[in-house]
Each structure stands twice: as structure tokens, then as C-alpha cells.
Amino acid sequence: MEKIKNYSYIGLIKELSLTDFKLKYQGSFFGYLWSLTKPLMLFSVLYFVFTRFFKLGGSIPNYPVYLLLGIVLFNYFIESTMASMGSIVGKGDLIRKVYFPRIILTISTSITALITLFLNLIVVFIFMIFSKVMPPVDAPLFLLLLVELFILTSGVSLFLASLFVRFRDIAHIWEVCNQVLFYAVPIIYPLSFVPQKIGKILLLNPLAQIIQDSRYVLITDKSTIASTILPFPYIFIPYLLPFFIFAIGYWFFQKSAAKFAEEV
């Protein structure tokens with residue numbers, strides 16, 4: 001097996017990420033515009049249905065932007081974990097021919113999804129401008145929340161990528177989990193619509209915490225966040241879980257990586 005020499009791993013991650021992003025829309029008439037169109041189409045349907053028929057969001061200022069931000073952040077998590085799951089299996093030929101840290105494949109796939117997230121966030125900020133939403137002074141904290149989201153997503157992705165090498169049924173199981181997660185995370189509905197006890201349980205989920213905190217620092221202080229309803233010491237759980245999940249995912253991935261070339 002040939003070993004990569006005198007090559008920056010950071011450069012390799014960059015090349016793989018950009019190549020995957022280009023290939024993702026290769027042959028498509030609209031190309032990169034699909035990365036913007038899909039969340040907007042989902043937003044349009046959900047906004048029309050849940051505001052016109054179910055009357056949700058009336059108590060939330062700037063609810064359209066509130067909803068769009070939640071969809072964009074959630075879509076990044078789903079897109080990244082689903083794509084990263086097959087990152088090892090999809091590069092089986094490369095793994096058998098060349099040696100390099102296998103984690104690069106999964107991390108580069110997560111970064112590819114991160115590029116799409118940044119493009120989608122541009123649309124969110126444009127919506128904010130047209131909706132005359134003035135971000136609070138603590139808006140820069142959103143960057144830290146993006147880091148937290150990337151760590152959480154990467155940890156889950158590493159775990160799923162390792163499992164998928166041996167158990168291909170994981171893809172179907174995770175797809176079902178994502179459908180459940182969409183309604184378990186307060187994306188469509190504000191937390192004020194659920195009992196406070198349920199709201200506390202939902203905010204123990206770091207993905208829910210990230211989305212709610214992002215809405216709080218960018219859009220409205222009416223967004224219920226973990227620090228306001230979770231008692232001590234439970235308040236630390238959603239903020240520490242991403243790092244714990246990443247550590248477990250990294251450990252499991254590295255433990256499994258030695259046999260990837262034989263199993264893919």
C-alpha cells in the first residue's frame with residue numbers, strides 16, 4: 001500500500017472537500033443553486049402550512065426568519081451525517097491503494113456540508129435584512145455555536161461512518177431517526193407550545209440547544225434557551241454533550257479504522 005508523503009493533510013482535506021462539493025452538483029442544470037433552493041422550498045411549505053392552518057409562530061417575533069434559521073441549521077446536521085456515513089465505503093478503492101489517516105475522509109465530507117451551510121446562511125442574513133431584523137449585540141456568539149454544531153456533527157458522523165462499514169442497515173435506521181429528530185427538535189414550533197417539563201427535556205438535546213441559542217443571539221430574545229429553563233447542574237449537559245459525543249466518535253472511529261481496508 002502506497003503512503004502519502006510530503007503532503008499536507010490540511011491540503012488534502014481542502015481538496016477532498018472542494019471536489020466533493022463540485023461533484024455533488026455536477027451535471028445539474030441549476031448547479032450550486034440547489035443548495036439554496038432546497039431549504040427555501042422546505043421553508044415555504046412549512047411556513048404556509050403551520051402559520052395558515054396550525055397558527056404557529058404568532059407569539060414569536062420575525063417568525064419566518066426564526067423558522068428558516070432552524071431549517072438551515074438542522075439541514076446541515078442531517079446532510080452532513082448522511083453524507084459522512086458513506087465517506088469510508090465510497091472511497092474504498094482509495095483506501096486500499098493509499099495510506100493516510102482515514103478520519104480525513106469523514107471530516108472532509110463534513111466540511112463539504114459546511115460549505116453548503118455557509119451559502120444557506122447568506123440567504124438567512126438576506127432574509128434578516130429584508131425583515132429588518134437587527135441582531136443583538138451578542139450576535140458574534142453565533143460563531144461559537146457554529147463551532148459547537150460542527151463538533152457535534154463530526155462526532156456523530158465519525159460514529160456512523162465506522163458502523164456503516166460493517167452494518168449497511170445503519171443508513172435506514174438513521175433516516176428514521178432523522179424524521180423523529182425533526183419533530184423532537186423545536187424547528188417548526190416554539191418551545192412555549194409545549195409544557196415546561198417537556199421543554200427542559202428537549203433542550204437537553206445539544207442540537208435543540210444550538211438552534212435555540214442561535215435564534216436568541218441572531219433574531220429574538222423571545223427564544224427559549226437552555227440557560228433560562230434548565231436548573232443547575234443540568235444546564236451544562238447540552239453544552240458538554242457535543243464534546244463527549246465527538247470524543248466517543250473519534251475513539252470508535254480510530255479503533256475501527258485499522259480494518260477499513262479489509263471491510264469496504
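Me: Which residues form a nonpolar patch on the surface?

Reply: Ile122, Ile126, Ile129 and Phe130 do, with about 470 Å² of accessible area together. Keep in mind that this is a predicted model: local features need pLDDT of at least 70, side-chain atom pairs count only at pLDDT 80 or more, and totals for chains, interfaces and linings use all residues. Residues are numbered from 1 along each chain as its sequence is written, and side-chain values use heavy atoms, with hydrogens and water left out.

Me: OK, and what are patches made of?

Reply: Residues with over 30% relative accessible area and no salt bridge; like charges are joined within 9 Å, and nonpolar side chains (Val, Leu, Ile, Met, Phe, Trp, Tyr) within 5 Å. A salt bridge is a side-chain nitrogen of Lys or Arg within 4 Å of a carboxyl oxygen of Asp or Glu. Accessible areas come from the Shrake-Rupley method with a 1.4 Å probe, and for residues only the protein chains shown count as cover.

Me: Where is the place of Ile122?

Reply: Ile122 is in helix 5, residues 103-130. Helices here are DSSP runs (H or I, at least four residues), as are strands (E, at least two), numbered from the N terminus.

Me: Why does Ile122 count as partly exposed?

Reply: Because its relative accessibility is 46%. Buried means under 20% relative accessible area, exposed means over 50%, and partly exposed is in between (1.4 Å probe, protein chains only).

Me: How many Å does helix 5 reach?

Reply: Helix 5 has 28 residues and reaches 41 Å from its first C-alpha to its last, close to the expected 40 Å. That expected span is 1.5 Å times one less than the number of residues.

Me: What follows helix 5?

Reply: Lys132 follows helix 5, and its phi is positive, near 55 degrees. Ser131 lies in the loop between helix 5 and helix 6 (141-166). Ser131 is partly exposed, at 31% relative accessible area.

Me: Switching to rings. How many aromatic pairs does the structure hold?

Reply: Six. Rings of Phe, Tyr and Trp (its six-membered ring) pair if their centres lie within 6.5 Å; planes under 30 degrees apart count as stacked, over 60 as edge-to-face and the rest as tilted. For Phe74 and Phe182, the centres are 5.4 Å apart and the planes are at 70 degrees, so that pair is edge-to-face.

Me: Which helices do Phe74 and Phe182 lie in?

Reply: Phe74 is in helix 3 (residues 63-85) and Phe182 in helix 7 (residues 170-184), so the pair ties together parts 108 residues apart in sequence. Both Phe74 and Phe182 are buried. Phe182 also pairs with Tyr183: their centres are 5.1 Å apart with planes at 90 degrees, so this pair is edge-to-face. Ring pairs link Phe74, Phe182 and Tyr183 into a cluster.

Me: Is Tyr183 buried or exposed?

Reply: Exposed, because its relative accessible area is 53%.

Me: What lies over the face of Tyr66?

Reply: Arg215 does, at 3.8 Å from the ring centre. Arg168 lies over the face of Phe164, at 5.4 Å from that ring's centre. The cut-off is NZ of Lys or CZ of Arg within 6 Å of the ring centre and within 35 degrees of the ring normal.

Me: Last one: how many helices and strands does the protein have?

Reply: Twelve helices and two strands. Of its 264 residues, 47% count as buried.
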